[in-house]
Amino acid sequence: MGERKQVVVIGGGITGLTSAYYLQKKAAEKDIPLDVSLIEAGSRLGGKIETVKRDGFTIERGPDSFLERKESAGRLAREVGLGEELVPNGTGQSYILVNGRLHKMPAGSYMGIPTRIRPFLFSGLFTPAGKIRASMDLVKPRKTVEGDQSLGLFFRRRLGNQVVENLIEPLLSGIYAGDIDQLSLKATFPQFYEMEQEHGSLIKGLRRTTSIPKRKKGEKKPSMFRTLKHGLSSLVVAVEEQLHPGTVQTGVQVNHIEKQDDGYQLMLSNGTVKEADAVIMAVPHFAVQRMLSHLDFLEPFKNINATSVANVAMAFDASAIKKDIDGTGFVVSRNSDFRITACTWTHKKWPHSTPEGKVLLRCYVGKPSDQEIVDKTDEEIQDIVLKDLNKTMNITEKPDFSVVTRWHDAMPQYKVGHKEKLQHITAAMEKELPGIYLAGGSYRGIGLPDCIDQGEAAVEKVLTHLFV
């Protein structure tokens, strides 16, 4: 097949790790002459995946799980020998905090959209007028829109303000940590627009296309999420162990990438230069723009902003929680005066994470309109969170310990027009930078399976570019 090709993966988060792993796996399977290097600017691998073990607790500082129906994350775990470690989430009632009260999530709702009328009609989340407005989705004509539109605009048109503000917005903002009136429908949930066009109604479309089984009274809903018994960091460790010795270089930043006649030169922060025939840039958009700052067509990346978020995990003795709630947690309506955006009762959602007789709560802060909270001290964040929690749960003591985590500029905002912007940049890269590919949370999905999928897709593009 000729001389050995050099591929460099920039970024050691789950996307970059996946890319390096599958490049080496495919090269071995097909006997391809390929050398892979992974360069990570930080001191550790895993990106936003970080597990802390303390006093018998397993605490995730970043994501705590992945959707089972998006199959790539579970498949990767099984491939690297962690199949027996996969565990489903404990399920139970989830809640939404509206007007200072916890309301049960209406049964049969899918991403906040009702598929069953009775639970919706009896929910205290909406006024009679709000329920009537939402039911108009069944008769409101479809609207064909050229180009993109915001999630907020789309859902308000179909279901009205109350359903959006009290149900859909808290759920979707929990995923994207953004303002749904700016987030792109095409880049986040294009299937809902397609559903409207095909069925004329979101409620009708979901009923016809989504299987949400009715449950008997007291029967728990099926698990949708999976995690790993010893924490998601165990996936990072297991993938890294599969890589060839010498593949990974940490603590080194790529400062600049220069195109050559026969590939690329990467200027590194330690003063060395690395040659590459192809590059997978598994880093955020602003890092790409910095490394290739001489290229005008990447300027639009400067206009993609990213929000900052923080979370605090708090461990208690069970006796400290006087008003325990039977459920897995709650999200918060943005109309409330609460500064927390959600709270997971981790000891119930992930029972394996918490010793017997203990409680583990994880609360999130950092609304788009409340970014300054992320930079407060650990003690200030904990106090704000406990004050909010005490409005719904009677917690009599300080936690045994807490773990505060800040993620600065960590949640890329897929604003209206994101998909088209990305298509223009990708087309320009194919012409001007053949053999360089983008993958990761800034581009085509932020969940773990989305990032793994993008890593795998980039691998296929590299192999096609180099060997076909």
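Predicted model: local features only at pLDDT ≥ 70, side-chain atom pairs only at ≥ 80, totals over all residues.
Some ground rules come before the tour. Local features need pLDDT of at least 70, side-chain atom pairs count only at pLDDT 80 or more, and totals for chains, interfaces and linings use all residues. Residues are numbered from 1 along each chain as its sequence is written, and side-chain values use heavy atoms, with hydrogens and water left out.

**Empty space inside**

Rolling a probe the size of a water molecule over the atoms shows where empty space is left. A cavity here is a set of points on a 1 Å grid, over the protein atoms alone, where a 1.4 Å probe fits but cannot get out, and its lining residues have an atom within 4 Å of a point. The structure has two cavities of 30 Å³ or more.

| Cavity | Volume | Lining by class |
|---|---|---|
| Largest cavity | about 130 Å³ | five nonpolar, six polar and three charged residues |
| Second largest cavity | about 40 Å³ | three nonpolar, two polar and two charged residues |

The largest cavity is lined by 14 residues, and Thr58, Glu60, Asp64, Thr346 and Trp350 lie nearest its centre. Strands E4 (57-60), E11 (225-228) and E20 (358-365) each give two or more residues to that lining, with E4 giving the most, at three residues. As for the second largest cavity, the residues lining it include Val145, Asp148, Lys186 and Tyr193.

**A helix under cover**

Helix H10 (residues 233-242) has Ser234, Leu235, Val236, Ala238 and Val239 as its buried residues; buried means under 20% relative accessible area, with a 1.4 Å probe and protein chains only. Their cover includes helix H1 (14-30), helix H2 (72-79) and E11.

Tyr176 is in helix H6 (residues 161-176) and Tyr414 is in the loop between strand E21 (401-412) and helix H14 (418-432), so the pair ties together parts 238 residues apart in sequence. Tyr176 is buried at 7%, and Tyr414 is buried at 0%. Ring pairs also join both to a cluster with Phe154, Phe155, Phe189 and Phe192.

**A loop serine**

Ser336 lies in the loop between strands E18 (329-332) and E19 (340-345), and counts as buried at 15% relative accessibility. A polar atom of the Ser336 side chain lies 3.3 Å from the backbone nitrogen of Phe338.

Conventions: Helix = DSSP H or I, 4+ residues; strand = E, 2+ residues; numbered from the N terminus. Buried < 20%, exposed > 50% of the residue type's maximum accessible area, 1.4 Å probe, protein only. Polar contact = N/O pair within 3.5 Å; in protein donor to acceptor, adjacent residues only side chain to side chain. 1 Å grid on protein atoms, 1.4 Å probe; cavity = no way out; pocket = protein on both sides within 12 Å on 5 of 7 lines; lining within 4 Å. Points joined across faces, edges and corners; volume = space filled by probe spheres on them. Nonpolar A, V, L, I, M, F, W, Y, C, P; charged D, E, K, R; others polar. Contact = heavy atoms within 4.5 Å. Phe/Tyr/Trp six-rings, centres within 6.5 Å; stacked < 30°, edge-to-face > 60°.
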